[in-house]
Amino acid sequence: MSVATTRRTQVAIIGGGPAGLLLSHLLYLRGIDSIVVERRDPEYLYQRVRAGVLDSSVVDLLVATGLGERMLAEGMLQEQMEYRFEGQIRFINWREQVGRQTMVYGQQEVVRDVLDARLRDGGKIVFDAQATEIGGLDRDEPVVRFLHDGDLHEIHADFVAACDGFHGIGRPSIPTELRLEYERVYPFQWLGILAEARPGREWLVTGAHQRGYAMHSMRSPTISRNYLQVPLTDTVDDWTDERIWAELHIRLEDEGDLVAEGPILNRSMFTLRNFVCEPMQYGRLFLAGDAAHIVPPTGGRGLNQAIADVATLADAMASHFDRSDDHDLEDYSRICLERVWKAQLFTASQTNLLQVLRPGDAYARRIQV
């Protein structure tokens with residue numbers, strides 16, 4: 001197939017999720033040109049329900065880069081988490097422990113804020129474009145090839161940032177013999193629902209019940225976000241509204257003041273895995289977010305880790321283009337992986353503590369207790 005168009009930019013970004021869009025925004029603020037290639041349309045990005053808890057450092061970054069106005073007006077600050085376990089209620093207050101708060105603000109809202117800013121600022125984003133190949137990573141000008149409207153297109157760049165998720169083409173572009181992958185896939189999944197129902201608490205409530213894990217959270221004062229641990233063989237069709245609400249009441253040991261029921265707006269299944277790729281860079285290719293590492297949603301680390309990646313990468317690229325200093329680019333993988341493995345440790349320990357790993361295993365349950 002012949003190439004329909006060829007474009008030139010400083011940074012080609014594959015993936016228009018929160019990581020790719022935010023990287024484009026951060027580079028724009030540094031005067032660095034980029035083009036984002038995204039396989040979905042804008043409406044899909046606006047509506048995709050995913051993570052919803054932002055670290056204080058992420059909140060600070062979004063505010064400092066002009067993206068925080070709506071978040072500060074509509075987000076919900078939290079300073080603690082509630083654990084319900086074997087009839088006992090425990091609180092961990094991270095404001096008291098480490099002097100920080102988190103912000104409940106949905107990933108789709110972050111995407112809306114960043115995407116609106118990029119479109120307002122003339123950001124170059126190609127929607128409905130399927131990246132097919134990354135070439136020339138060992139040369140000074142790598143190329144990204146993608147299909148759009150049935151034609152093949154190319155972007156030539158100084159660097160390529162793969163923010164294209166776990167199933168994207170970024171990570172496989174690193175030669176197999178140079179790539180180490182570490183993975184743990186859990187023998188269960190999560191059913192997540194978004195409901196038009198008032199949250200029963202102003203903080204996240206989690207239950208480590210013998211029937212399985214459950215979580216009660218929120219996206220706004222009128223929208224609740226709930227999760228249930230379910231078998232891998234289950235589908236969303238196996239879970240009626242009545243069954244979902246009944247199981248949430250049981251697993252969260254709800255005495256009637258916690259889980260309010262309401263119309264379920266969205267339901268989906270989530271595979272739980274821990275995954276890390278080393279290194280996170282090869283030649284002029286840099287991986288960020290789910291392209292390089294995955295965590296279970298148990299600890300609320302995924303979106304925050306992705307944003308930390310692109311903040312690190314934007315700084316390193318600014319050093320390259322502003323001062324011809326490549327030290328931080330060369331050190332990108334090491335800097336990120338030191339943080340990434342700490343997040344892996346935290347989420348793996350939380351998952352092992354709170355989920356039913358082997359149904360009926362009294363010893364494993366006693367260890368959790």
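In which crossing, left-handed or right-handed, does helix 1 pass helix 6? The crossing is left-handed. The model shown is predicted: local features need pLDDT of at least 70 and side-chain atom pairs pLDDT 80 or more, while totals for chains, interfaces and linings use all residues. Residues are numbered from 1 along each chain as its sequence is written, and side-chain values use heavy atoms, without hydrogens and water.

**View 1. Packing of helix 1 on helix 6.** Helix 1 (residues 18-29) and helix 6 (residues 107-120) pack at about 35°, and their axes are 9 Å apart. Helices (H or I, at least four residues) and strands (E, at least two) are DSSP runs, numbered from the N terminus. Axes are lines fitted to C-alpha atoms, for helices over the stretch in contact, and angles run from 0 to 180 degrees between N-to-C directions. A left-handed crossing has the near helix turned anticlockwise from the far one by less than a right angle; clockwise is right-handed. From helix 1, Pro 18, Leu 21, Leu 22, Ser 24, His 25 and Tyr 28 meet Gln 107, Val 111, Val 114, Leu 115, Ala 117 and Arg 118 of helix 6. Contact means heavy atoms within 4.5 Å.

View 2. His 156 counts as buried because its relative accessibility is 18% (buried is under 20% relative accessible area, exposed over 50%, partly exposed in between; 1.4 Å probe, protein chains only). Its side chain makes polar contacts of 3.1 Å with the side chain of Glu 141 and of 3.1 Å with that of Glu 154. A polar contact is a pair of N or O atoms within 3.5 Å; within protein, one must be able to donate a hydrogen and the other to accept it, and residues adjacent in sequence count only if both atoms are side-chain atoms. Not counting residues up to four places away in sequence, His 156 touches residues including Thr 6, Arg 8 and Val 143.

**View 3. Asn 274 in strand 18 (residues 264-278).** Asn 274 is buried, at 6% relative accessible area. The Asn 274 side chain makes polar contacts with the side chains of Gln 344 (2.9 Å) and Thr 347 (3.2 Å). Pro 296 lies 22 residues from Asn 274 along the chain, with 6.3 Å between their C-alpha atoms.
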